[in-house]
Amino acid sequence: MGFEFERISCSENGINPKAIFDFITKAETENLGIDSFMLLKGGKVVAEGCHAPYTLTSPHVLYSMSKSITALALLYALDEGKVSLDDSICKFFGEYDKRGKNEKITVRHLVTMTAGKMVGMAKNRHHKDWIKIFFDSPQLFKPGSFFLYTNDNFYMLSAIVSKVYGETLVDFLYPRLFEPLEIEKPVWEVDDFGFAAGGWGLYMSITDCAKIMQCCANGGSWMGEQLVPEKWLKEATKFQVPTVKKGQIDVTKGYGYGFWQTSIPDSYRAYGLHGQVGYVFEKHDTVLVLHAGISKDELLSLAIDEMAKTLWDEPQAEYEEKLADLLASLGDKDDLPVEARSTELEKKYSQKALRTHSSIFASMLHATMSTVMNEPSGRTDRFILNLENNGDLYLMWKEGFDVNNIKLGMENKYEYNTVTLAGLKYTACTKAAWTTPRVLTVYVRLLEGCHVRKLVFVFDSEGRVIVKNSSFPDMPTLAVHYVDFSGFPLSQPLEKLLKKYIAPGILLLGEPNFRIKKLFDDLL
């Protein structure tokens, strides 16, 4: 136990440090949103880095990278003969389809995204039967005809494996994959039946992701032991079906079983929203894992493609020190000026409840973070600032059934707080500063996420307060992303039209401001 990757210089391991230097420089200057990354060759780390508050060992939202882990779970079931690719979904959940309308949908169709069912992510899932939602959803085309990216295909795979083996997906994978890789049991969001979301909802560190992708690069072996069935892994990571003809460059090259083909020869990748990626470059025995918070994933894909053109060239040794200095200089994600504090306003509003006009969308949790848990977040209906005698400033807020209290980092240093949102524990990393004498700006970054929530408290001279609310990536950006990802890329004029005229409406639904309607002395 206590496994650690060996570290070695790029030049010693046949990697050109200039390619990585140029990639990180581009990422920083063009705001590609990198949170953390690791690059390995032959199982040895040649470069790694992260921006605070993220670390190489902190859990991080994977979004659709979760699908690749679900696919690995399916490979075990296939290898052990408990499931067949040609099994109908009705074999496992026939009680949902007495007339056999879904009989022709097979496990193969689920894992290759060709089931033809359309289940929207915006559908209300709280205390709902997701299997029934899938069976009752529209059948857009004959199974096996076309690729249609639908998250719930992988939820169904998760449910099938869990039903066959009688345990959660995490418990199923623990002795087979996680424990041998020395990965602690990760958090995977589950529904009312205990079935993991499958297509999303998994949280793992960059180091743990590197272990899994390196195991895949090894043909499924680890430390001399065959962990993942080699035969099935080869099938999963090769071209199985064509995807979309237009869209992001690396979603047009084909799909395997939960893994994407890429535009870089002899490579495949696990891929999640906002830049959660794991690449295996088979010919070069190289692995790249990266967690990010970028609004346009294609920019990151293009930057990785560009790096790959020279990554295995003759090493330019003079860039070793430059790369080391660059990685050491990576700062934190949020920088706030340390201005004079408005202590009079802090005292005036301390322990006063700022009650708001609320909605189900008014949450500290980003709209894409949790669509699984049984108690939804939202309905933030009051904020409370609390100035303590030692000068520490806290922010308390009530959201749905949860009340959280966080210390604000007033000296441009993160304060780490544990919060509960939608039934899950998160680490809220906070910074705050008075950016003008009457404007208090607060950043709340969930360590397990890749987003930042920005709250701007504006205290006017007449005693009125408004809390302006925004986040990155914002809802208009997500709208553009989903249209582009679905294979219908927007032209620049249409994208501008969406952001300029439609965005305000989307913003009000997804990221509303908190309008203070009354100031109360009572706290909760």
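**Group meeting: a walk through the predicted model**

Of its 524 residues, 56% count as buried, and if we take the contacts with a separation of 6 or more, residues 24 or more positions apart account for 62% of them.

Let me begin with the aromatic residues. A pair of aromatic rings is described by the distance of the centres and the angle of the planes. The structure holds 27 aromatic pairs, and one of them is formed by Phe 134 and Phe 135, which are arranged edge-to-face, with 6.5 Å from centre to centre and 80° between the planes. Phe 134 counts as buried because its relative accessibility is 0%, and Phe 135, at 5% relative accessibility, counts as buried too. These two residues also belong to a cluster in which ring pairs link Phe 93, Tyr 96, Phe 134, Phe 135, Phe 193 and Phe 195.

There are also lysines placed over tyrosine rings. Lys 431 lies over the face of Tyr 414, at 4.6 Å from the ring centre, while Lys 322 lies over the face of Tyr 319, at 4.4 Å from the ring centre.

Tyr 319 brings me to helix α11, which covers residues 319-328 and in which Tyr 319, Leu 323, Leu 326 and Leu 327 are buried. When we look down the axis of α11, these buried residues fall within an arc of 95°, and they therefore line one face of the helix. On the other side of α11 we find Glu 321 and Ala 328, both of them exposed. As for what the buried residues of α11 pack against, the partners are helix α1 (17-29) and the strands β1 (34-41) and β2 (44-50).

Strand β2 leads on to the backbone. Most residues other than glycine have a negative phi, and most peptide bonds are trans. In the loop between β2 and β3 (60-61) we come to Pro 53, and the peptide bond that joins Ala 52 and Pro 53 is cis, with omega at about 10°.

Then there are two methionines to consider. Met 113, although it is not a glycine, has a positive phi of about 60°, and its place is in the loop between α4 (107-111) and α5 (130-136). Met 223 is likewise not a glycine and has a positive phi, of about 55°; this residue lies in the loop between β6 (221-222) and β7 (225-226). Are these methionines buried or exposed? Met 113 counts as buried, because its relative accessibility is 0%, whereas Met 223 counts as exposed, because its relative accessibility is 67% and the cut-off for exposed is over 50%.

Finally, let me turn to empty space. Rolling a probe the size of a water molecule over the atoms shows where such space is left. In the second largest pocket there is about 540 Å³ of space. Which residues of its lining are the closest to its centre? Of the 23 residues that line this pocket, they are Thr 57, Pro 59, Glu 184, Ser 205 and Asp 208. If we ask instead about elements, then β5 (202-204), α8 (206-217) and β17 (424-436) each supply at least two residues of the lining of the second largest pocket.

Notes. Residues numbered from 1 in each chain as written. Predicted model: local features only at pLDDT ≥ 70, side-chain atom pairs only at ≥ 80, totals over all residues. Heavy atoms only, no water. Phe/Tyr/Trp six-rings, centres within 6.5 Å; stacked < 30°, edge-to-face > 60°. Buried < 20%, exposed > 50% of the residue type's maximum accessible area, 1.4 Å probe, protein only. Lys NZ or Arg CZ within 6 Å of the ring centre and 35° of its normal. Helix = DSSP H or I, 4+ residues; strand = E, 2+ residues; numbered from the N terminus. Arc of directions from axis to C-beta. Contact = heavy atoms within 4.5 Å. 1 Å grid on protein atoms, 1.4 Å probe; cavity = no way out; pocket = protein on both sides within 12 Å on 5 of 7 lines; lining within 4 Å. Points joined across faces, edges and corners; volume = space filled by probe spheres on them.
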